[in-house]
Structures are given as structure tokens and as C-alpha cells.
Amino acid sequence: MTSLIRKNASGHAGDGDANLLINEVVGVRGGIGETARVGRAAVYDSFLRGLLPARDGVALLAVGGLGRRQCAPYGDLDLVLLHAGVPGTDELAASVWYPIWDAGLRLDHSVRTVSEALSVAQDDVKVALGLLDARLVAGDRALADALIRTAADHWRRTALRHLPGLRQVTDARWQAHGELAFLLEGDLKEAAGGLRDVGLLRAISAAGITDALRPAVRAAHLRLLDTRDALHQQVGRRVDRLVAQERDGVAALLGLEDGDALLRRVAGDARTVSHALDDAFRAADRLRSGRSRGGNGPVRRPVARDVVEHDGELVLARTAIGARPDPSLSLRIAAAAATTRLPIARATCEWLAAYCPPLPAPWPAEARAALTTLLGAGPGLVPAWETCDRYGLVDGWLPEWTRLRSLPQHNPVHRYTLDRHLVQTAHEASRHTREVERPDLLLLGALLHDIGKGLPGDHSTVGVPLAEAVATRIGLPAAEAELIGTLVRLHLLLPDVATRRDLADPVTIASVAEAVGDTGTLDLLHALVRADAAATGPAAWSDWKGRLVAELVARVRTALDTGALPEPPAPDPALLAGPLPVVHLAEDRVAVAAADRRGLLATVAGCLALHRLEVISADASAVDGRALVECRVQPRYGLPPDPVPLRADLRRAVAGDVSVTQRLRGRALAGRGGGAAPRVVWHREAATDAVLLELRAADAAGLLYRVACALDEAGALVRAARISTLGGDVVDAFYLVGGWPDDDTRARLEAAVLAAV
């Protein structure tokens with residue numbers, strides 16, 4: 001490697017000098033901030049100049065981060081070897097690229113003439129954008145200037161034509177990576193609002209379309225670069241995704257209090273970038289449409305009182321600006337933006353932030369109606385709300401929003417920060433407004449259901465007075481404000497009961513009916529829980545959970561309508577006939593009948609674990625001398641097992657085949673999970689004829705089998721089990737027949753369960 005340097009850089013670097021440069025290059029990976037990034041660029045420049053001989057017709061150009069002198073600690077080097085058709089360029093390129101690779105640097109490279117580079121840029125917009133950052137590192141300055149100048153001129157002339165296609169590529173990237181401002185583990189480069197989008201802003205500014213790089217955007221960009229530098233330094237390699245386990249370390253390197261402070265800062269910066277890019281794309285659209293109209297001016301049309309569409313954006317009517325503004329004006333223009341799905345002009349947002357007076361308490365009916373329209377607008381809600389939030393308008397509506405903004409949610413099932421989750425829940429709730437008597441209360445309850453998060457205590461309880469205070473301030477009567485508080489307090493009731501309690505037990509139905517009180521509230525809660533789950537993420541909901549919740553709602557509705565508790569379902573008649581054992585398999589159901597009840601649940605659970613089936617719920621009973629176990633199941637890894645060996649193993653296992661049992665124990669022990677210390681909670685009044693033992697532990701393959709074995713060996717008879725998985729944790733509820741009044745007996749059973757976990 002050093003011989004290549006010595007041969008091709010005569011007069012620049014000998015063996016010793018080259019090795020010193022390589023050591024210096026590898027050693028510049030520390031440091032955070034603009035000074036460190038520029039320093040890294042200077043070292044790379046010095047290293048690269050030592051690789052290129054001084055000759056006419058050849059130039060080495062840096063693009064990307066090195067071209068901008070914004071080198072990340074473990075970033076790539078993007079280089080173009082430009083030549084004027086001189087001979088020997090392949091050998092020259094090899095003498096430059098190989099020392100870079102040998103120095104341990106990642107390299108993206110190309111070898112082109114000026115005409116070749118411009119031709120590629122004409123066909124590939126990414127190349128065109130890259131050339132906007134091109135900078136001469138070594139070689140023929142006139143040759144480099146010719147390409148840089150011509151590429152910039154070409155981009156200014158063709159940018160409007162390229163931007164629609166670039167917008168489509170950008171939308172696809174956003175769809176794949178999500179929005180950095182609202183993600184708990186976002187990609188600092190590729191997600192919406194990340195560093196890649198700053199590059200687009202730079203390109204739009206270079207085209208002269210609009211001033212996209214305002215001071216706030218430049219400041220946000222520098223902070224995002226600092227965050228990426230700290231992430232590289234923390235991990236020790238190139239990585240752009242800010243994963244949970246690295247947040248605290250990155251925050252410490254940046255001098256921030258903790259990982260949450262880091263996330264909130266990143267969220268604010270990403271919002272600044274996203275909003276600027278939306279404005280820039282709209283400016284390009286307006287310029288393009290203006291050219292297509294020729295000499296005709298933009299069309300103005302009224303869309304709501306005091307709101308006019310002007311050139312694809314919403315602005316205030318002249319009469320609204322001239323008079324003293326109505327306090328509800330910002331809400332009304334937000335509602336108009338959400339329903340028409342048109343953006344609010346930046347100047348209009350700035351004017352509203354400066355001159356719109358605060359809302360009185362209680363709100364006037366007009367403001368309340370506008371809020372309901374905004375929350376119920378469906379897909380238009382999120383962008384309209386986000387725009388208003390960027391200019392501080394939401395804080396004027398809801399002072400509580402300052403605390404909620406960009407607040408991380410560390411439960412792994414959540415994909416969004418708290419503020420976005422609340423707005424997303426309202427959006428999802430708009431799909432269910434025709435199912436309830438009071439759609440306005442559903443929408444407001446959806447917006448406020450998690451308002452207690454971030455405060456000490458159970459957020460469902462802490463949030464009740466906060467939500468009721470908001471409802472009162474916006475002008476709801478006392479009874480309706482109390483109902484909003486009820487929705488906040490009970491918004492987890494239905495999914496918790498449906499997945500953790502025996503729905504056939506009259507005590508379960510009676511307790512929910514008593515808590516809910518009436519069918520109107522039941523319908524609101526049912527709609528809210530579906531909206532909440534959809535806004536949380538795919539791990540928060542499934543078909544089986546939906547069926548369980550719907551079954552619970554139907555049973556509670558019967559109890560509320562008639563005052564009578566529904567009868568528990570009868571066992572499958574097919575299990576009560578024919579020779580034993582009986583095994584029935586369906587898509588999501590496994591039912592077994594055997595002669596001996598003792599240990600049957602553990603045996604069935606273990607066999608299902610062996611075939612990678614997760615048990616969602618299990619019922620055990622004895623009818624006419626037969627032991628019955630009926631389980632609802634789902635594949636652990638998405639693919640259902642082969643039913644033939646599953647049926648054979650179940651038959652052999654319930655008949656006492658020792659070889660199957662040994663396989664079960666080996667597989668279960670191999671699948672033990674980690675996590676926090678497990679915990680057992682007893683519920684004495686939660687069932688008609690049983691005591692409820694609730695296990696909270698880390699999820700693991702074969703967990704139900706091990707716990708069921710422990711219960712069986714301790715002499716406990718399980719009549720039902722409910723399995724609830726939340727991310728990497730489970731809450732498993734076991735209905736143990738009998739009263740279990742003795743403290744010592746319960747303690748021994750609890751110890752046996754924890755030992756099995």
C-alpha cells in the first residue's frame with residue numbers, strides 16, 4: 001500500500017509520511033461539533049492530496065459530507081476522480097482508492113470526465129444533488145471548476161422539472177423510515193426530518209426557488225449532526241439509528257440530562273426540518289403552477305368564514321386581518337386546513353401566532369365546534385395539527401401540550417412520542433364516530449386519554465382531573481366533563497379484562513358493567529380502545545384481541561340491557577363423545593379431552609410450545625368424568641405448524657408418553673427468557689369460584705408449560721388461564737379452584753411459580 005503512495009505521490013509523501021497520514025486519518029474519529037467535523041475534513045484532505053500526483057487534466061473532488069466539510073466520525077468518503085481523457089486513469093484511480101481502503105475507510109467512488117458526470121447527473125437526480133456539494137481536494141482546479149459551475153447552472157435550470165420525481169422518492173423514503181420527530185428509535189439520516197432532508201433543502205435553495213435554509217433550520221441541522229457524531233462515537237462505528245440502549249450515552253456526550261432530553265431535542269429539530277421542507281416543496285409547486293398559468297394570477301376562493309384558498313394554501317380573508325381577530329380564528333383555520341387537506345400559509349401562521357388573542361374560559365361555542373371539526377377530520381388532522389403546533393398555536397388552545405410535546409413512551413409497543421400518539425388516536429377515533437351517541441366526546445376523549453402520562457402515579461388515574469379541567473375550560477357541561485374523565489380513567493379497562501380475565505365468569509361481566517354504568521359509555525370505550533391500539537402500533541392489537549374485546553362488550557351490553565348475566569358457553573359437544581383421548585385442531589383453537597384432569601393443562605401447553613404455538617387463553621374443566629382443555633392459540637413466528645405431527649404429539653403426550661415429555665422439558669428449558677424480576681399478584685374477589693393468581697414476567701417460549709407444571713406439582717387446580725403479552729413481557733392470569741385462604745399455602749405456591757419462571 002505504501003509503495004503505491006510512494007510511486008504516485010512523488011514529492012508529496014514518502015513511506016514514513018504516508019504511514020503518519022494514515023495514522024492521523026484513523027485517529028480523527030473522536031470529537032463532536034462543527035470544529036471536529038471541519039478538522040476531520042482537513043485531515044482527510046491532507047491524506048488525499050498525498051495520493052494524487054500533480055498533473056494537468058486530473059482532479060480529485062469530494063462530494064457528500066467531505067465535500068461539505070461535515071465529516072462524521074465513521075462516515076463514508078464520497079470521491080469523484082475527474083479527468084480530461086488523459087491516459088492511464090484506471091491505474092491512477094486504483095493508486096488512489098486502494099490506500100483509502102487500506103486505511104480502513106469506507107469509500108464511494110467514481111471516475112468520470114466532465115461530460116460523463118453531467119450526463120449521469122441529467123439522468124440521476126441523486127447524482128445531480130451530490131455535485132452541488134462537490135469541492136476540489138487535489139489536482140486541476142480549472143477542470144474541477146468547470147464541472148462544479150456547470151452542474152450548479154444545470155441544476156438551477158432543471159430543478160423545477162426534477163423536483164416532482166424527487167418528491168416521490170422522498171415520500172417513499174419517509175414511508176419506509178417514518179417521522180424522526182415521533183419515533184423512539186428513528187434514523188437520524190433517512191427518516192423524515194433527518195439529515196437527508198436537509199440536503200434537499202440545500203438543493204432547493206441552490207435552485208433559487210426559496211430561502212429554505214433559514215437560521216432555525218441551520219441550527220437544527222448542526223444539532224442533528226452533533227447527535228450523529230455522538231452516536232458514532234458512542235457505538236464505535238457508523239450507525240444512524242438512535243436505538244434505545246445508546247440514548248443515555250449519546251446524551252451524556254452532548255451534555256444533556258438524559259436520553260429523554262435527547263429525544264425531545266431531536267424531535268424539535270426534526271420538526272423544524274420537516275416543516276421547512278414542506279414549505280420548500282410547496283414553494284416549488286407554486287412556482288411551477290405560476291409558470292403554467294402564464295400571465296394569469298393565482299386563484300382565490302373562500303373555503304370557510306375568514307379563510308381563503310390562495311395558490312394552493314389557506315390564508316386569512318382581508319376582512320379577518322383588518323378587524324380585531326376572533327379568538328377562535330386559529331382553531332377555525334386549523335379546522336379548514338384539516339377538512340380541505342390544504343396547508344396553512346407560513347405568513348398566516350406567523351400572523352396568527354402574533355395577533356390572535358387567547359381563548360376565554362369557557363370557550364365560545366364556535367371554538368368548541370371548530371375543535372370537534374379539526375379532531376374529526378380524519379387524515380387531514382395530523383398535518384394541520386402539526387403545522388399549528390410548530391407556530392405555538394396549540395399551546396394557546398391547550399396549555400398542557402407543552403408538557404406532552406415530544407414526550408417519549410418507553411413501552412416497546414408504542415411507535416410514537418406521546419403528543420403524536422394522542423393526535424393519532426383522535427384521527428383513528430374519527431373512523432368510529434358513527435358507532436357512538438356522542439362523537440364529539442369520543443374525539444376529545446381520544447385526544448386526552450393519556451394526558452396523565454409523564455406524571456407520578458397511574459396515568460389513567462392521574463389524568464382524570466387534568467382531562468376534566470380541559471373539558472370544563474373548553475365549555476362542556478359538568479356531566480360531560482365528568483364523562484371525559486370516566487373515559488380517561490377506564491380507557492384500559494376493556495383490553496385488560498378481555499385478555500386477563502375469564503369472560504365466562506359472571507363476576508368478570510358484573511364488575512365491568514358496574515364500572516361502565518351504561519351502554520353509551522360502553523360504546524365510547526369500545527371505540528376508544530380500538531383507536532388507541534391503532535395509534536399505538538401493530539403490536540398493540542391483533543384479531544384475537546379484537547374478538548376478545550368484542551365478546552366482552554357483547555356480554556356486558558347484555559348485562560346492562562337486561563340486568564341478567566349471560567350464561568357461560570357450553571363445552572364443545574365433540575369433546576364429550578367418542579373414545580379418549582379426543583384432539584380437535586382448528587385455525588386458532590386446540591381442544592383436548594382426556595381421562596385424567598391432573599396435569600392436562602401443563603401437558604397441552606408444553607406440547608403447543610414444542611410446536612411453536614402461543615397460548616392466548618385456556619379453559620380447563622371436567623364434564624361427565626372427562627377432563628377438557630380448550631385453548632386459543634397463534635403461531636409464535638407467524639407460520640402455523642403441521643397439524644399431523646401436532647395431533648400425534650398431543651395424543652401421545654396426554655396418554656403419558658415419556659419421550660414427548662422429555663422433549664417438552666428440553667425445549668422449554670432452552671427457551672427461558674430474561675428481563676426484570678418476575679412478580680405474582682393475588683386477586684381474591686375476581687372470580688365466582690376461584691382465586692386469581694396473576695404472574696407478571698418476561699416472555700419466553702414454554703413459560704405457560706413451566707408455570708402450569710409448577711401449579712400442578714403444588715396441588716393447584718387451574719380451571720382457566722389468560723395469557724397477555726405486551727412487548728417482551730407477559731401478564732398471565734390463572735384461575736385456581738378453591739378459596740386459598742391460608743397465607744403460608746399461598747406463599748409456597750407463589751414461590752413455586754417464581755422458581756418455574
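Asp-76 and Arg-106 form a salt bridge in this predicted model, with the closest N and O atoms 2.8 Å apart; the term denotes a side-chain nitrogen of Lys or Arg within 4 Å of a carboxyl oxygen of Asp or Glu. Asp-76 lies in the loop between helix H4 (64-67) and strand E2 (77-83), and Arg-106 in the loop between helix H5 (89-102) and strand E3 (107-112), so the pair ties together parts that are 30 residues apart in sequence. Helices (H or I, at least four residues) and strands (E, at least two) are DSSP runs, numbered from the N terminus. Asp-76 is partly exposed, with a relative accessible area of 27%, and Arg-106 is also partly exposed, at 49%. Here buried means under 20% relative accessible area, exposed over 50%, and partly exposed in between, with a 1.4 Å probe and protein chains only.

Because the model is predicted, local features need pLDDT of at least 70 and side-chain atom pairs count only at pLDDT 80 or more, while totals for chains, interfaces and linings use all residues. Residues are numbered from 1 along each chain as its sequence is written, and side-chain values use heavy atoms, with hydrogens and water left out.

The whole structure contains 57 salt bridges. One of them joins Arg-271 to Asp-419, with 2.5 Å between the closest N and O atoms. Arg-271 belongs to helix H12 (residues 259-293) and Asp-419 to helix H20 (residues 418-429), so this pair ties together parts that are 148 residues apart in sequence. Arg-271 counts as buried at 4% relative accessibility, and Asp-419 counts as buried at 2%. Both residues also belong to a network of salt bridges that links Arg-271, Glu-386, Asp-389, Asp-395, Arg-405 and Asp-419.

A further salt bridge brings together the side chains of Arg-557 and Asp-523, at 2.4 Å from N to O. Arg-557 lies in helix H27 (residues 543-562) and Asp-523 in helix H26 (residues 519-536), so the pair ties together parts that are 34 residues apart in sequence. Arg-557 is partly exposed at 27% relative accessibility, whereas Asp-523 is buried at 18%.

Helix H27 also packs against another helix. Its axis and that of helix H24 (residues 493-500) come within 9 Å and cross at roughly 105°; axes are lines fitted to C-alpha atoms, for helices over the stretch in contact, and angles run from 0 to 180 degrees between N-to-C directions. H24 and H27 are therefore roughly perpendicular to each other, since angles under 35 degrees count as roughly parallel, over 145 as roughly antiparallel, 65 to 115 as roughly perpendicular and the rest as oblique. Residues in contact (heavy atoms within 4.5 Å) include Leu-494 and Val-497 in H24, and Leu-548 and Leu-552 in H27.

The aromatic residues complete the account. Four aromatic pairs are found in the whole structure; rings of Phe, Tyr and Trp (its six-membered ring) pair if their centres lie within 6.5 Å, and planes under 30 degrees apart count as stacked, over 60 as edge-to-face and the rest as tilted. Trp-351 and Tyr-355 form a tilted pair, 5.4 Å centre to centre with 45° between the planes. Both lie in helix H15 (residues 346-355), four residues apart, about one turn of the helix. Trp-351 is buried at 17% relative accessibility, whereas Tyr-355 is exposed at 53%. Elsewhere, ring pairs link Trp-385, Trp-397 and Trp-401 into a cluster.
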